[in-house]
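Here are my notes on the chain contacts and the ligand site. Please read them alongside the coordinates.

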Amino acid sequence: MIHVRERTAQEIRADFPIFARPTGRGKPLVYLDSAATSQKPQSVIDALDTYYREYNANIHRGVYEIAARATEAFEAARARVARFINCAPGELIWTRNTTEAINLVAYAWGNANVRAGDVILLTELEHHSNLVPWQLLAQRTGAVLRFIPIDERGVLVLDGLDRLLDGCTILSIAHVGNTLGTIQPLDRIIPRARAAGALVVVDGAQGTPHLPVDVAALDCDFYAFSGHKMLAPTGVGALYGKRSLLESMPPFLSGGDMIRTVGYERTTFNEPPWKFEAGTSNIADAIAFGVAVDYLADVGLGWIREHEKRITRYALERLTALAPRGLVVYGPRDPEHIGGVLSFNLGDVHAHDVASILDTEGVCVRAGHHCTMPLMEKMGWHATARASFYLYNTEEDVDTLVSALEKAARIFKL
Amino acid sequence: MEDFYRDYILDHYRNPRNFGHLENATVSAEELNPLCGDVIRMDLQVDDAGIVREVRFSGKGCAISQASASMLTESVIGMPLEAVAKLSKDVVLENVGIGISPTRMKCAMLGLRVLKTAAIGSLAAWPDEE
Ligand SMILES: Cc1ncc(COP(=O)(O)O)c(C=O)c1O
């Protein structure tokens, strides 16, 4: 793709109507919680509006014009999202979100293939969404869980990987961690998992928003991600699955749309990906997801990655000024190895109090355990505050963050 | 919200009153704030007449939850256990003496919920939702 001209974060901000509105206290919105969910550009909002105003109809059934238009837009969106991660449209299943995508694998593939004593390998820093479904699968089947350990910086320790992979049926791992933002070295892990014969599942919730993702090059079997973290609406996500796996594995949910023929006693199933999409899909949001990935591709994932590194580097520099007042940043602290996420604490101030004071300055950060309770426990952190950056954040946002943190330090007399 | 962090609140946060455990507790309870995972435990020692003689709280959390719990322990010493079971959110709001934003209300009410749970003997409702 040819880029005529690189855009600036300021220009990008103008595409996101939420930034034109001040917060309740009249301050500009400084949104540093994109790891939780991203803001939406006008084009995505318009796509929803247009669908409901102009061609709202159920898909794959109607013979009339607007139904045909809806079906076409829905399948075109699938093709765009598939191209975005370099897979075939037939390998991309719509889900509600990453969590549902991982559950689909754990139930449909897991129930059919995992046996008592099998090993499911995870890491010590997974989101609850990439932990609890495997715990339940292990309980259903008698499989055991193993974890790739982390060091005191939250970096995976790969020395014992081959031993951990021995007898392993499934490896499921985040592409980018959500609490520390660590980009995992999948290129070093997946080939070894393949050699050990394990099914490779990637939790891409924080991958697709920030990194160019090529599932063919990664050579994973499944890749799960959420639209809402990458400019699309909430309620739509996707699961990439290798075609041969999607063909051989049984369906997850069942009912309408996923069938070919139904009799009173027996049913034959539709082909993938529809075999895994029971009931009426989230049509409008899927169509808008297609618009969101076009927006990201237009800006360029390369630009986004460089921009996030720039902002992260600037934030790390500026935050060192607060070190004498007790500010500690966790994780690898190297912009090359993190996906626009900084987790920190300020002296003895609880992260929730930090977040409340930042909120008075219009600064939105997340505080708590970030859905990684085992990681927090292991690291001995009660709670952390987390700032996450995306394509629309600027150096000024970081400056506001720093001055709001100074205010918190002042209030708490640090 | 910034007004919340008054000197006396910070004092209760950094120097919590009646902090720790009671070996000879008559009733105890422990609960978590699902929003943030903060946990508070309350141990109460009640005499034969049903009067709360001693209270200790323990846990880790934000200034709002810790200061509210600390102030609450001072409020209930000498109170009949039956009255503790019936306390409303007002006791917390009066103690802190400052508005609490809706997003932090659960933090402020956690200590009271735990205290009422101990007094009632089963999980109490959130005081702000009663
Ligand atoms: C790494 C990671 N995995 C999974 C999820 C779950 O995503 P969703 O809530 O969209 O299913 C998240 C979202 O916070 C995440 O950051």
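1. Start with the salt bridge between the side chains of Lys413(A) and Asp7(B), at 2.7 Å from N to O. The model is predicted, so treat this distance as a computed value. Three salt bridges are counted between chain A and chain B. Polar contacts between the two chains come to 13 residue pairs, both partners at pLDDT 80 or more.

2. Which elements of chain A give two or more residues to the side that touches chain B? They are α12 (351-359) and α14 (395-411). α12(A) gives the largest share, four residues. By class, this side of chain A has five nonpolar, six polar and five charged residues.

3. In the interface, 16 residues of chain A are in contact with 16 residues of chain B. The two chains bury about 1500 Å² between them, with 53% of that on carbon and sulfur atoms. His352(A), His382(A) and Phe412(A) supply 33% of the area that chain A buries against chain B, more than any other three residues.

4. Now the ligand. Residues around it include Asn97(A), Thr98(A), His127(A), Asp203(A) and Lys229(A). The shell holds one nonpolar, nine polar and two charged residues.

5. How much of the ligand's accessible area does the protein cover? The figure is 88% of the 400 Å² that the ligand has on its own.

Definitions and conventions. Residues numbered from 1 in each chain as written. Chains lettered and ligands numbered in written order. Predicted model: local features only at pLDDT ≥ 70, side-chain atom pairs only at ≥ 80, totals over all residues. Heavy atoms only, no water. Near = heavy atom within 4 Å. Areas by Shrake-Rupley, 256 points an atom, 1.4 Å probe, with all protein chains shown as cover. Nonpolar A, V, L, I, M, F, W, Y, C, P; charged D, E, K, R; others polar. Contact = heavy atoms within 4.5 Å. Buried area = accessible area lost by both parts, 1.4 Å probe. Salt bridge = Lys/Arg side-chain N within 4 Å of Asp/Glu carboxyl O. Polar contact = N/O pair within 3.5 Å; in protein donor to acceptor, adjacent residues only side chain to side chain.
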